[in-house]
Amino acid sequence: MTDYESVCQVFKQQSAIDFIIPAGRANTLLYAFFKTLPEKSTIIFPEIMCPSPLFVADLAGVEAQLCDVDSSTGLLDIHALRRIVSENPKQVSAVLSVNLYGLRPNNHEIYDFCRANNITLIEDAAQGFDFESLSSDVDFSILSFGNKKTLDLGGGGLLLTKNKEIYQAVTAELTKVRVSDPAIILKLSQDYSALYYRFQEMESYRVGSQKCFAGFSSLFSDLYFPAKDTIDFGLLLARLRELPKDKEQRLFWVKRYNDLFARMKGFTLLDNLESQGSYWRYSVLIAEDKRRGFTDYIRDKGIDVSCWYPSLEKLGFNHRFLTVKQKSSFGESVLNFWLEDMTNEKFTYLETCIEAYIGS
Ligand SMILES: Cc1ncc(COP(=O)(O)O)c(C=O)c1O
């Protein structure tokens, strides 16, 4: 059996999946799926997520519609979704349900709603997944093996489904996708990262100043089509076998972070410890007007903390016809800490720094 066949076997044994499609990126698979839909089809995306799938939506000729997220978890809000679909004059074709920081929305409930409205539900599991829930109550799931992901292989993605029609349609569409030159991809990924981090650092959003990120889709188009034969399936197999242990380890640090921030004034814990999935990062909420001061202080101490993701609306992707906005904005108050390579020593240092900041 080849390594690729063994990888397929692992997924088929542990998850509700019959068909698997590999590609150079998760985004290549999303692009191919969007291409199977009529032009200008409406796709719903949560307003808090990695912006790159919205670029491929634009490239594929479909229209992105943002949906509010639950303010206590950052995950797609089913109530907002219901509202959008009922208010939308056009048929919504698909919903991208994102496992934000690895944690899964209640797709069971979302799927019932999608099926009743003839909408395809996609589980974007690029940031993390659980074998048991993966693809269990959606039409298909996508995984990413990109930079800094839980399963970082330096690139690659998989589409997983039990739906033969989707499998056949996406496979056919993928044969038409051109493959980009690796030298162009390298150059573009450096440019994209530079731009991405510039935006990431801009926390005091001024109206208009950031309403331009969404305009870069065609400039970066080559970035989304790397060759699929770059995936090292032997390495993926080994990493998949370590996954349950890795998940446990991440949860251990999440609980430590939770204990720490529960003791500290000024922080709100995310209401998601029970979500299915696997933590990619640890996130906690801080008052909007305190975030800048806190991150500057913590970074000054050499600790890597991120405020990503801002609402996609702030990056220039619009809500279009959605009028209802939730009062508290997740994107303005979220903080993320990395879980990889955490040690007792590093954690104690972090704890001391945060205690000193709160005490000061
Ligand atoms: C939620 C989400 N979806 C999709 C992607 C795209 O994955 P890839 O880089 O493999 O195209 C990413 C990562 O960038 C992501 O975080």
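Me: Let's start with helix α1, residues 3–14. What should its twelve residues span, and how far apart are its end C-alpha atoms?
Reply: This is a predicted model. At 1.5 Å a residue, the twelve residues of α1 should span 16 Å. The end C-alpha atoms are 17 Å apart, which agrees.

Me: Which residues of α1 are buried?
Reply: V7, C8 and F11 are buried. Seen down the axis of α1, the buried residues fall within an arc of 100 degrees, so they line one face of the helix.

Me: And which exposed residues sit on the face turned away from that buried side?
Reply: That face of α1 carries E5, Q9 and Q13.

Me: What covers the buried residues of α1?
Reply: The cover includes strand β1 (19–23), strand β7 (157–161) and helix α8 (233–263).

Me: OK, strands now. In what order do the seven strands of the open sheet run?
Reply: The order is β1-β7-β6-β5-β4-β2-β3. The pairing is mixed.

Me: Which strands are at the edges?
Reply: β1 and β3 (63–67). Each of these pairs on one side only. Neighbouring strands of the sheet are turned by 25 degrees against each other on average, ignoring direction.

Me: What do strands of a sheet pair through?
Reply: Backbone hydrogen bonds, and the strands can be parallel or antiparallel.

Me: How many bridges join β6 to β7?
Reply: Five. β6 covers residues 140–144, and the two strands run antiparallel. As for a facing pair, F140 stands opposite T161 in β7.

Me: Which strands does helix α6 lie across?
Reply: α6 (residues 164–174) lies across β1, β6 and β7. It runs at about 20 degrees to β1.

Me: And where does α5 lie?
Reply: Helix α5 (residues 107–116) lies across β4 (92–98) and β5 (120–124). Its angle to β5 is about 155 degrees.

Me: Zooming out. How many helices and strands are in the chain?
Reply: Eleven helices and eleven strands. The radius of gyration is 20 Å, close to the 21 Å that the globule rule gives for 360 residues, so the chain is as compact as a globular protein of that length.

Me: What box do the C-alpha atoms fill?
Reply: Roughly 60 × 50 × 45 Å, taken along the principal axes.

Me: Last one. How much of the chain counts as buried?
Reply: 40% of the 360 residues. On contacts, take those with a separation of 6 or more: residues 24 or more positions apart account for 72% of them.

Definitions and conventions
Residues are numbered from 1 along each chain as its sequence is written. This is a predicted model: local features need pLDDT of at least 70, side-chain atom pairs count only at pLDDT 80 or more; totals for chains, interfaces and linings use all residues. Helices (H or I, at least four residues) and strands (E, at least two) are DSSP runs, numbered from the N terminus. The expected span of a helix is 1.5 Å times one less than its number of residues. A residue is buried if 20 or more other C-beta atoms lie within 10 Å of its own, exposed if 12 or fewer, and partly exposed in between; C-beta atoms are placed from the backbone. The arc is that of the directions from the helix axis to the C-beta atoms. Two residues are in contact if their C-beta atoms, placed from the backbone, lie within 7 Å. The radius of gyration is taken over C-alpha atoms; the globule rule is 2.2 Å times the number of residues to the power 0.38. Two strands pair if DSSP finds at least two bridges between them. Axes are lines fitted to C-alpha atoms, for helices over the stretch in contact, and angles run from 0 to 180 degrees between N-to-C directions.
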